[in-house]
Amino acid sequence: MSRSRAGDPAAVRDWVRAARRIVVLSGAGMSAESGVPTFRDAQTGLWAKFRPEELATEEAFRARPQFVWDWYLLRREMVAKVEPNAGHRAIAAFQQRHPGRLAVVTQNVDGLHQRAGSPGVLALHGGIMEDQWLDPPRACCTASPPQAGRPPRCAACGNLRRPAVVWFGEMLPARELAAAEEAAAACDLMLVVGTSGVVYPAAGLARATRGRVVIVNPHESDLDDAADAVLRGTAAALLPGLLE
Ligand code: BV8
């Protein structure tokens with residue numbers, strides 16, 4: 001039995017006012033109005049041209065390191081050119097006005113919540129602007145800077161640099177995931193913004209929470225059935241009015 005019903009922004013605004021602990025669970029749609037393509041929008045999604053298995057996995061990187069590295073470079077350059085949107089800024093401003101009342105849990109790797117000024121962002125899938133060693137680094141790897149290349153590598157042993165993101169089939173960072181699970185369990189309201197709800201364990205947080213679930217999404221998502229209210233609209237248009 002679906003709990004979701006067409007949501008009324010005024011009612012949700014009252015829920016926000018009454019909530020002591022709020023979690024925002026965001027996905028790629030949170031950054032769409034900043035100009036960052038989402039993963040699954042058919043015409044523009046990052047996966048429209050490729051399937052996730054082809055690119056966002058360790059196997060894909062080991063098989064075609066330059067191809068995958070170049071795809072991340074392209075995304076890194078795009079993210080570097082965009083700005084947080086009114087939705088990111090509304091969340092950060094709310095956190096400034098009400099310290100400790102709202103936690104951001106994001107699936108996004110673009111760093112836009114952090115750049116908008118949100119403190120303590122729980123980035124479940126890492127960050128695209130950083131990279132790390134593909135294999136555990138040896139003394140030679142850390143002795144000198146990686147050799148330039150696509151991807152860069154250790155001049156001595158050939159260990160490759162890889163994007164510091166969580167690929168499919170990889171465990172999420174334990175600290176961030178535990179903190180996100182704790183926040184979801186303790187909150188009395190969860191705003192699920194801009195996610196198709198396809199990727200786990202992140203999407204599972206919206207099903208595990210004790211709090212009311214509100215979805216902010218212009219389209220249907222896999223989490224609509226778990227929602228107490230669905231606001232059919234975009235992050236930048238709706239969040240400023242909800243988070244006063
Ligand atoms: C794990 C980083 C345990 C990389 C990402 C087989 C083997 C192993 C695991 C699995 C398996 N089969 C399934 C799994 C689990 C798997 C999974 O969930 N697969 C899915 C595809 C079924 N999960 C994992 O592998 C996770 N790890 O389970 O570890 C384990 C370990 C070993 C062995 C077994 C188990 C790791 C998942 C993390 C993957 N990394 N990102 C990179 O970015 O390159 S996920 C990637 O998808 C992004 O992080 C993205 O955020 C995320 C989810 O997508 P969304 O954010 O929801 O984006 P999407 O485009 O789908 O939706 C956008 C939404 O926004 C839409 O609804 C749209 O309507 C809306 N929208 C559009 N515009 C706006 C808007 N909303 C508001 N405003 C707007 N303006």
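A: The space taken by the ligand is the largest pocket, where a molecule counts as sitting in a pocket if more than half of its atoms lie within 2 Å of the pocket's grid points. The model is predicted, with local features needing pLDDT of at least 70 and side-chain atom pairs counting only at pLDDT 80 or more, while totals for chains, interfaces and linings use all residues. Residues are numbered from 1 along each chain as its sequence is written, and side-chain values use heavy atoms, with hydrogens and water left out.

A pocket here is an open set of points on a 1 Å grid over the protein atoms alone, where a 1.4 Å probe fits and protein lies on both sides within 12 Å along at least five of seven lines; lining residues have an atom within 4 Å of a point. The largest pocket holds about 920 Å³ of space, a volume being the space filled by probe spheres set on the points, which are joined across faces, edges and corners. Its lining comprises 48 residues, and Gly27, Ala28, Phe39, Arg40 and Asn108 are those nearest the centre. Helix 2 (46–49) and helix 5 (65–81) are the elements that give two or more residues to this lining, and helix 5 gives the most, with four residues; helices are DSSP runs of H or I with at least four residues, numbered from the N terminus. By class, the lining of the largest pocket contains 25 nonpolar, 16 polar and seven charged residues, with Ala, Val, Leu, Ile, Met, Phe, Trp, Tyr, Cys and Pro counted as nonpolar, Asp, Glu, Lys and Arg as charged, and the others, Gly among them, as polar.

Turning to the ligand itself, 35 residues surround it, the closest being Arg40, Tyr72, Gly169, Thr195 and Ser196, where a residue is near a molecule if one of its heavy atoms lies within 4 Å of it. This shell has 17 nonpolar, 13 polar and five charged residues.

Taken alone, the ligand exposes 1500 Å², of which the protein buries 77%, with accessible areas coming from the Shrake-Rupley method with a 1.4 Å probe.
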